[in-house]
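Morning, everyone. Please look at the structure on the screen while I talk.

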Amino acid sequence: MAADIMRQIISIAIVALALLVAAFSTSAQDGRQVYERACAACHGAEGQGTLAPALVPFTRGSQDLLRIVRAGAGNMMNGFSAAEVSNAEVRAIEQYLRGLS
């Protein structure tokens, strides 16, 4: 009986882990697409920096990134509205950049 319960727990854990990996992969892929559309022209194709600072290695927190995306940074970067880049897309960009780091 205990072995059956343990097998069920392990099975549930494996399924949960697989779903988590799939969600992260999809989000990072989505993040790459949004990054290419909204960020790559200035920050480089892989976040290495060209006209704007390098973003990799990515060390900012989620709220800091969202604040910069919305408000802009300095004289060079204008902010993006939620209609241009949604909060979910900002989170996906963050995951993409963390994957590059």
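Start with glutamate 94, which sits in helix H4. Keep in mind that this model is predicted. Is glutamate 94 buried or exposed? Glutamate 94 is buried, because its relative accessible area is 8%, and the cut-off for buried is under 20%. Which residues does glutamate 94 touch, leaving aside neighbours within four places in sequence? Its contacts are Phe58, Arg60, Gly61, Ser62 and Leu65.

Now the largest pocket. Its space comes to about 470 Å³. How many residues line the largest pocket? The lining has 21 residues. Nearest the centre are His43, Ala52, Leu55, Ile68 and Met77. By type, the lining residues split into 18 nonpolar, 2 polar and 1 charged.

Last, the cysteines. How many disulfides does a search of the whole structure find? The search finds 0. Take cysteine 39, which is in no disulfide. The nearest cysteine sulfur belongs to cysteine 42, and lies 8.9 Å away.

What about burial? Cysteine 39 has 14% relative accessibility, so it counts as buried. Cysteine 42 is partly exposed, because its relative accessible area is 35%.

Notes:
Residues numbered from 1 in each chain as written. Predicted model: local features only at pLDDT ≥ 70, side-chain atom pairs only at ≥ 80, totals over all residues. Heavy atoms only, no water. Disulfide = S-S within 2.5 Å. Buried < 20%, exposed > 50% of the residue type's maximum accessible area, 1.4 Å probe, protein only. 1 Å grid on protein atoms, 1.4 Å probe; cavity = no way out; pocket = protein on both sides within 12 Å on 5 of 7 lines; lining within 4 Å. Points joined across faces, edges and corners; volume = space filled by probe spheres on them. Nonpolar A, V, L, I, M, F, W, Y, C, P; charged D, E, K, R; others polar. Helix = DSSP H or I, 4+ residues; strand = E, 2+ residues; numbered from the N terminus. Contact = heavy atoms within 4.5 Å.
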